[in-house]
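Keep the viewer open as you read.

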Amino acid sequence: MFKYFIPLLISLICCANSVVAISKPSPELVRELINQEFSQSLMFFKPYDLPVEFERTHKSMISKLDIWVKLGLVSQTKSRFLAEKMMYGSIREVSVGGYKYTLNLDSPWVSDKGIFYGKPRVMDIFEISPPSHVNSDYFCEVYISWYATDIPDWVSKIDLSERKHRQIKRASESKARPFEKRLYLIFRDKEWMLWNEKGKQSLF
């Protein structure tokens, strides 16, 4: 009887050590991991699918883009392009004068991804689940809130009530009304990290 007890005891001790070793991450570690992961996930916006061209007679669109030009975030240049016009009873392509709009890459707020309007930062950590053993890995789910920081001054100079700007408005209000999100961590190489094997997790 005793000879069977020793291997069983060793097995139980090993299992217990394994459980102890895979403890759930602390709130401080979760905050650090998420802030590190998303600190470079800058938030960008494009007012339109730029580059785009409009005829000079298209006053409404030119007026909508003027604000972005005045803010120095979009560039406007004169252009000529072919447009379809009804002439002599049929549709013909004719050369028309207009404006071409592109992102102003000389602005510090602009990149080829769009116009920067903030970056995410963890506010609160509501819940950290106990580690779950799935196949050969350990996972845990974290439930957090986050807000947008480093919001540039130009945000206060546009009409945030416009439907097109709702994502910017939501970010500008996020310190008072933070976003909430559930994310997954994986324990690998003796440390916790964001689980991105199925594609990078998003905060949205």
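Phe44, Trp109 and Phe116 are linked into a cluster by ring pairs; a pair here means Phe, Tyr or Trp rings (for Trp, the six-membered ring) with centres within 6.5 Å, called stacked when the planes are under 30 degrees apart, edge-to-face when over 60, and tilted for the rest. Before going on, note that this is a predicted model, in which local features need pLDDT of at least 70 and side-chain atom pairs count only at pLDDT 80 or more, while totals for chains, interfaces and linings use all residues. Residues are numbered from 1 along each chain as its sequence is written, and side-chain values use heavy atoms, with hydrogens and water left out.

Searching the whole structure gives nine aromatic pairs. In one of them, the ring centres of phenylalanine 44 and phenylalanine 116 are 6.3 Å apart with planes at 70 degrees, so this pair is edge-to-face. Phenylalanine 44 sits in strand S1 (residues 43-45) and phenylalanine 116 in strand S6, so the pair ties together parts 72 residues apart in sequence; strands (E, at least two residues) and helices (H or I, at least four) are DSSP runs numbered from the N terminus. Phenylalanine 116 is buried at 10% relative accessible area, whereas phenylalanine 44 is partly exposed at 22% (buried is under 20%, exposed over 50%, partly exposed in between, with a 1.4 Å probe and protein chains only). Phenylalanine 116 also forms a stacked pair with tryptophan 109, 6.0 Å centre to centre and 10 degrees between the planes.

Which residues touch the most other members of the largest nonpolar core? Of its 42 residues, they are Ile34, Val142 and Trp154. Strand S8 (residues 137-149) gives the largest share of this core, six residues. Such a core is a set of buried Ala, Val, Leu, Ile, Met, Phe, Trp, Tyr and Cys residues joined through side-chain atoms within 4.5 Å.

Beyond four places in sequence, tryptophan 68 touches Phe45, Pro47, Leu73, Val74, Ile115, Trp154, Ile158 and His165, where contact means heavy atoms within 4.5 Å.

Isoleucine 34, leaving aside neighbours within four places in sequence, contacts Val122, Val142, Ile144, Leu183 and Leu194.
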